[in-house]
Amino acid sequence: MVGLAKDCLEKVWQFLSDVITDTMQELQTSGTFTDLLKSLSKEREHKMHFYHIIAREEKGRKEIKYLQKQLLNVKKERQAEVQSRNEYITHLKDQLQELKAKTNMENHYMKRNTELQISQTQKKCNKTEELLLEEIEKLRLKTEEENQIHMEIEIFLRKEQQKLEEKLEFWMEKFDKDTEMKQNELNALKSAKASDLAHLQDLAKMIREYEQIIIEDRIEKENNRKHVEQSLLELKSIIKLQAWWRGIIVRNEIGGFKLPKKDNDASKGSKGKGKDKDKRRGKR
């Protein structure tokens with residue numbers, strides 16, 4: 001019996017060692033403890049088996065009491081047969097003692113085994129809890145560090161966005177100024193053209209003999225005028241095309257240009273300015 005108990009104890013220790021090893025490997029690989037839950041489920045089944053054994057023992061005790069009562073009844077009813085039944089009663093008592101001893105030993109073993117398993121499971125759960133708490137603390141520190149980095153990146157991007165908005169405003173104002181300057185130059189050219197035409201007409205009236213020369217000069221100046229108007233028209237088209245392309249870049253956030261997303265008032269102000277500038281371009 002001692003050897004059997006020793007073998008059972010070794011099996012229990014081997015089982016607990018395997019469960020702990022499997023649980024640690026599962027925690028390291030997948031971060032779960034499914035094997036531990038399965039082991040606990042099996043342990044619950046063992047406990048239920050233990051409870052069944054206790055129930056059988058209780059039933060055996062009741063049967064023993066019932067047999068003892070029957071024995072007393074038989075003694076009272078059959079006093080004459082006592083001598084002949086003594087050997088049989090002695091045999092029954094021996095079986096009863098053996099059953100009691102066997103039951104007590106089995107109960108003692110199951111109780112010790114259950115206490116040992118509960119103790120080992122509690123230690124393993126405490127160790128697992130400590131490891132999980134350490135992992136939670138590491139994750140918390142990592143999260144705080146990532147939040148700090150995120151805030152710094154956000155501040156940097158806001159500063160860069162402010163710089164880009166200032167540059168965009170500067171180039172839009174420069175575009176308006178350049179456009180206005182070119183328009184003034186075009187108006188001056190038109191005025192000069194009108195003045196030249198009037199002067200040529202006066203010269204035509206005064207100097208008839210130079211009519212052919214004046215006509216040739218007029219043709220040459222007319223060609224120059226057309227060339228200048230064509231150049232100005234092409235310049236104006238190029239400026240409009242650049243403004244259209246810059247608008248697409250800013251709206252679609254192509255390249256380094258980005259529209260503000262959080263400052264709604266600033267965005268509305270910028271859009272208002274952009275619409276006013278677009279209206280002024282359309283008028284020109």
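Author: Helices are DSSP runs of H or I with at least four residues, and strands are runs of E with at least two. The model is predicted. By that definition, the protein has five helices and zero strands, and its pattern along the sequence reads α-α-α-α-α.

Reader: What percentage of the 284 residues in the protein is buried?

Author: Buried means under 20% relative accessible area. In this protein, 15% of the 284 residues are buried. The protein exposes about 23,100 Å², and carbon and sulfur atoms supply 57% of that area.

Reader: Which share of the contacts with a separation of 6 or more comes from residues 24 or more positions apart?

Author: Such residues account for 68% of those contacts in the protein.

Reader: How many aromatic pairs does the structure hold, and how is such a pair described?

Author: A pair of aromatic rings is described by the distance of the centres and the angle of the planes. The structure holds two aromatic pairs. In one, the ring centres of Phe-170 and Trp-171 lie 5.4 Å apart with the planes at 70°, so this pair is edge-to-face; planes over 60 degrees apart count as such. Phe-170 is partly exposed at 48% relative accessibility, and Trp-171 is partly exposed at 44%.

Reader: Why is the pair of Trp-244 and Trp-245 classed as tilted?

Author: The ring centres of Trp-244 and Trp-245 are 6.4 Å apart and their planes stand at 50°, so the pair is tilted. Trp-245 has a relative accessible area of 44% and therefore counts as partly exposed.

Technical notes
Residues are numbered from 1 along each chain as its sequence is written. This is a predicted model: local features need pLDDT of at least 70, side-chain atom pairs count only at pLDDT 80 or more; totals for chains, interfaces and linings use all residues. Side-chain values use heavy atoms; hydrogens and water are left out. Buried means under 20% relative accessible area, exposed over 50%, partly exposed in between (1.4 Å probe, protein chains only). Contact means heavy atoms within 4.5 Å. Accessible areas come from the Shrake-Rupley method with a 1.4 Å probe; for residues, only the protein chains shown count as cover. Rings of Phe, Tyr and Trp (its six-membered ring) pair if their centres lie within 6.5 Å; planes under 30 degrees apart count as stacked, over 60 as edge-to-face and the rest as tilted.
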